[in-house]
Amino acid sequence: MTQTTPAAPIAAVVTDIEGTTSAISFVKETLFPFAAAALDGFLDAHGTEPEVAAILAEVGHLAPGQDPRAALRGWMATDAKVTPLKALQGLIWRTGFEDGRLHGHLYPDVAPCLRAWSRAGLRLCVYSSGSAEAQRLLFGHSVAGNLTRLFEGFFDTRIGAKREAASYAAIAAGLHLPPREILFLSDVAEELDAATAAGLAACQLVRPEDGTQATDRHPRAADFRGVARLFGLAAPAAGAG
């Protein structure tokens, strides 16, 4: 694909995680089962702590009359994008990342490009349905080392749903940048639609391993190096890891 000319020079890149920086299989086959297996023990040990108690109270508000654990397991079974579930999963995953049982998967092209973009002065952020806590854990304990210092911000569904344009407008406002200077990366066409509706530039990551359904509505790239070529961003040196 030929280079894309954005409406304005790109000043910031906001990236999704699942299917974009990291394999969907890592989330579904490693992270989700880990949280499900640890749920009861974690709540037994930490359920009265203020942070966890506040999450359980939010669960009760969203699922009145239902046992909170049953509600959480039901949401887990359908991968519901429910904020208290994502927050609790992040707390559970923290134990696994911190004791070395978990390491955040990244595609090999991701870390070299993020480092090159950061060195070039681009502002980097994450926007994922997973909690901001979980995002920091994945990048802080990634297979490529601790990358959290590269990121200026971590956004989750507390700023809004990922398929709503208002969420991306709120991110742009938080970064104090015109939307046209922000590039959003995701594998999900509907998220890209919402981003462009808010005025952001967008690119779809189409990774064969994840079975992504490509769309013609947005520029497409197979990896982050392809994104760099499309949008004229800094590229890592050949062989950089």
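Predicted model: local features only at pLDDT ≥ 70, side-chain atom pairs only at ≥ 80, totals over all residues.
**Cysteines**

A disulfide is a covalent bond between the sulfur atoms of two cysteines. The structure holds zero disulfides. Cys113 takes part in none, and the nearest cysteine sulfur to it, that of Cys203, lies 12 Å away. Cys203 is likewise in no disulfide, its nearest cysteine sulfur being that of Cys113. A disulfide requires the two sulfur atoms to be within 2.5 Å.

| Residue | Relative accessible area | Class |
|---|---|---|
| Cys113 | 0% | buried |
| Cys203 | 0% | buried |

Cys113 counts as buried because its relative accessible area is 0%, and the term applies to values under 20%. Cys203 is buried on the basis of a relative accessibility of 0%.

**Helices H2 and H4**

Helix H2 covers residues 50–62, and helix H4 covers residues 83–98. Their axes come within 9 Å and cross at roughly 150°. H2 is therefore roughly antiparallel to H4, since angles over 145 degrees are classed in this way. The crossing of H2 past H4 is left-handed.

Which residues of H2 and H4 make the contact? On the H2 side, they are Glu51, Val52, Ile55, Glu58, Val59 and Leu62. H4 contributes Thr83, Pro84, Ala87, Leu88, Leu91 and Arg94. Sorted by class, the contact of H2 with H4 comprises eight nonpolar residues, one polar residue and three charged residues.

Key. Residues numbered from 1 in each chain as written. Heavy atoms only, no water. Buried < 20%, exposed > 50% of the residue type's maximum accessible area, 1.4 Å probe, protein only. Axes fitted to C-alpha atoms, helices over the stretch in contact; angles between N-to-C directions. Helix = DSSP H or I, 4+ residues; strand = E, 2+ residues; numbered from the N terminus. Parallel < 35°, antiparallel > 145°, perpendicular 65-115°, else oblique. Left-handed = near helix turned anticlockwise from the far one by under 90°. Contact = heavy atoms within 4.5 Å. Nonpolar A, V, L, I, M, F, W, Y, C, P; charged D, E, K, R; others polar.
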